[in-house]
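User: I have a model open and I'm new to it. Can you walk me through a few parts?
Analyst: Go ahead and ask.

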Amino acid sequence: MSAEGLVDCHCHLAAPDFDGDLDDVLEKAKKANVTALVVVAEHSGEFEKIMRLSERYRGFVLPCLGVHPVQGLSPTGQRSVTVKDLDAALPIIENYKDRLLAIGEVGLDFSPRIAGTDEQKEEQRQVLIRQIQLARRLDLPLNVHSRSAGRPTINLLREQGADRVLLHAFDGRPAVAMEGVRAGYFFSLPPSIIRSGQKQRLVKQLPLTSICLETDSPALGPEKQVRNEPQNVRISAEYIAEVKGVSVAEVTEVTTQNAMRLFPRLQQLLQK
């Protein structure tokens, strides 16, 4: 793999938003110099679809399986994860363990509408702890969600000895993020950085050696309410380059090297 290609370290290609035109979306990503897409799961119902995509676009779409702290397909039906959700997912993850880039998307989500009670937060913690232990046993990194739970997530990861961690679209304060940097964790920044004061403050503080790129497609795009796509990962690269006062080429090279350090299987998968 040449160091000049971009890596989208966190996207949701199994989302129904892409059912109609995924081939076109991936073609556009390739034209935009994207060399790898790290695709994450939210619930066990997506696992087989993600594995099929990774087969169909082998070496380009790289799969992660995990159970997200928010479950429920529709925005109105969203709820906090339960241990039962994880139990349904574990045998499928075991089945595909040798083909996974990471365990993800996992984490904590303490948004009041999702986890309004201490019991819900505790169950989320238990689900995350079991997935951290799974990742350690399988020697896989973690692709992590931490909405409204930046510090609790970083603290729990550290307590559990998680070492290879990507904190995606981190919404906490820069000072909290720096605790993650000190633990050796990476942070991926989506194209919504161009309209998010919080993400802009974050990128100013984070060293380039701790930054990866992501789109979180179809969410967190450059424009609100418009479907985001992997080709937009270059928008993140361009914005970071501007803030750091370096070239886009340097941001591309460093973030891709970071991604390969974070995801050891990335290098071998890209060379197949």
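User: Which way do L142, V144, N143 and H145 point from strand 7, and are they buried or exposed?
Analyst: L142 and V144 point one way from strand 7 (residues 142–145), N143 and H145 point the other way, and all are buried. Buried means under 20% relative accessible area, exposed over 50%, and partly exposed in between, with a 1.4 Å probe and protein chains only. Strands (E, at least two residues) and helices (H or I, at least four) are DSSP runs numbered from the N terminus. In a regular strand, side chains alternate between the two faces of the sheet.

User: Before I go on, what sort of model is this?
Analyst: It is a predicted model, where local features need pLDDT of at least 70, side-chain atom pairs count only at pLDDT 80 or more, and totals for chains, interfaces and linings use all residues. Residues are numbered from 1 along each chain as its sequence is written, and side-chain values use heavy atoms, with hydrogens and water left out.

User: In which sense do strand 6 and strand 7 pair?
Analyst: Strand 6 (residues 102–107) pairs with strand 7 in the parallel sense, over 4 bridges; pairing takes at least two DSSP bridges between two strands. The bridge partner of G104 in strand 7 is N143.

User: New topic. How many aromatic pairs are there?
Analyst: The structure holds 1. The ring centres of F170 and F187 are 5.3 Å apart and the planes are at 90°, so this pair is edge-to-face. Rings of Phe, Tyr and Trp (its six-membered ring) pair if their centres lie within 6.5 Å; planes under 30 degrees apart count as stacked, over 60 as edge-to-face and the rest as tilted.

User: Where do F170 and F187 sit?
Analyst: F170 is in the loop between strand 8 (165–168) and helix 6 (174–182), while F187 is in strand 9 (residues 186–189), 17 residues apart. Both F170 and F187 are buried.

User: Which charged ends sit over the rings of F60 and F110?
Analyst: K30 has its charged end over the ring of F60, 4.7 Å from the centre. For F110 it is K121, 5.2 Å from the ring centre. The test is NZ of Lys or CZ of Arg within 6 Å of the ring centre and within 35 degrees of the ring normal.

User: And where is G45, and is it buried or exposed?
Analyst: G45 lies in the loop between strand 2 (34–39) and helix 2 (47–56). At 62% relative accessibility, G45 is exposed.
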